[in-house]
Amino acid sequence: TILHAAKVFDASGKTSMGNIVGAMDWVIENHKKHEGELAIVSMSLGGFYNPALNKAARRVREAGMFLIVAAGNSNKNSCTGSPSSSKFAYTVGASDFNDARA
């Protein structure tokens, strides 16, 4: 098992969609070096809806990797953000015992 990290936020917690998409593209290219191996991409971030980010999610899945993303980390509907709204991502959120948002 190999773990690769792609840091997209700076020390102050800021990033750009270009940084995030670039990291996703890096993961895809790196995965090509390990043909036939299983891969999981886990992304714990959220933001506004962005078509470029959702297209990058599609590319990750088409490259054969399992993509799991946070529902947004903002207590909002995950369908309004990216990559949480992508049909190519498995979106997860936190809920309590009564299925209320945690």
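Colleague: What volume does the largest pocket have?

Modeller: Bearing in mind that this is a predicted model, the largest pocket has a volume of about 670 Å³. It is lined by 27 residues, and those closest to its centre are His4, Val27, Ile40, Val41 and Ser42.

Colleague: Which element gives the largest share of that lining?

Modeller: That is α1, which contributes seven residues to the lining of the largest pocket. Helix α1 covers 17–32, and both α1 and β1, which covers 40–43, supply at least two residues each to this lining.

Colleague: And how do the lining residues of the largest pocket divide into nonpolar, polar and charged?

Modeller: For the largest pocket, 18 of the lining residues are nonpolar, seven are polar and two are charged.

Colleague: OK, how much space lies in the second largest pocket?

Modeller: The second largest pocket holds about 280 Å³ of space. Its lining is made up of 17 residues, with Ala71, Asn73, Asn75, Gly93 and Ala94 being the closest to the centre.

Colleague: What does the lining of the second largest pocket look like by class?

Modeller: Sorted by class, the lining of the second largest pocket has eight polar residues, six nonpolar ones and three charged ones.

Colleague: Changing topic, how many aromatic pairs does the structure hold?

Modeller: There is one aromatic pair in the structure. Its partners are Phe66 and Tyr90, whose rings are stacked, with 4.5 Å from centre to centre and 15 degrees between the planes.

Colleague: Which parts does that pair tie together?

Modeller: Phe66 belongs to strand β2, residues 66–70, while Tyr90 belongs to strand β3, residues 90–92, so the pair ties together parts that are 24 residues apart in sequence.

Colleague: How do Phe66 and Tyr90 count for accessibility?

Modeller: Phe66 has 33% relative accessibility and counts as partly exposed, and Tyr90, with a relative accessible area of 42%, is partly exposed too.

Colleague: What about charges, how many salt bridges turn up in the whole structure?

Modeller: A search of the whole structure finds three salt bridges. One of them joins Asp25 to Arg59, with the closest N and O atoms 2.9 Å apart.

Colleague: How accessible are Asp25 and Arg59?

Modeller: Asp25, at 30% relative accessibility, counts as partly exposed, and Arg59 is partly exposed as well, with a relative accessible area of 32%.

Colleague: Where do Lys32 and Glu29 lie?

Modeller: Lys32 and Glu29 both lie in helix α1, three residues apart, which is about one turn of the helix. Their side chains meet in a salt bridge at 2.9 Å, N to O. Lys32 is exposed, with a relative accessible area of 54%, whereas Glu29 counts as partly exposed at 45% relative accessibility.

Colleague: And what does Glu62 form with Arg58?

Modeller: Glu62 forms a salt bridge with Arg58, and the closest N and O atoms of the two are 2.8 Å apart. Because Glu62 and Arg58 are four residues apart in helix α2, about one helical turn separates them. Glu62 counts as exposed at 54% relative accessibility, while Arg58, at 42% relative accessibility, counts as partly exposed.

Key
Residues are numbered from 1 along each chain as its sequence is written. This is a predicted model: local features need pLDDT of at least 70, side-chain atom pairs count only at pLDDT 80 or more; totals for chains, interfaces and linings use all residues. Side-chain values use heavy atoms; hydrogens and water are left out. On a 1 Å grid over the protein atoms alone, a cavity is a set of points where a 1.4 Å probe fits but cannot get out, and a pocket is an open set with protein on both sides within 12 Å along at least five of seven lines; lining residues have an atom within 4 Å of a point. Grid points are joined across faces, edges and corners, and a volume is the space filled by probe spheres set on the points. Ala, Val, Leu, Ile, Met, Phe, Trp, Tyr, Cys and Pro count as nonpolar, Asp, Glu, Lys and Arg as charged, and the others, Gly among them, as polar. Rings of Phe, Tyr and Trp (its six-membered ring) pair if their centres lie within 6.5 Å; planes under 30 degrees apart count as stacked, over 60 as edge-to-face and the rest as tilted. Buried means under 20% relative accessible area, exposed over 50%, partly exposed in between (1.4 Å probe, protein chains only). A salt bridge is a side-chain nitrogen of Lys or Arg within 4 Å of a carboxyl oxygen of Asp or Glu.
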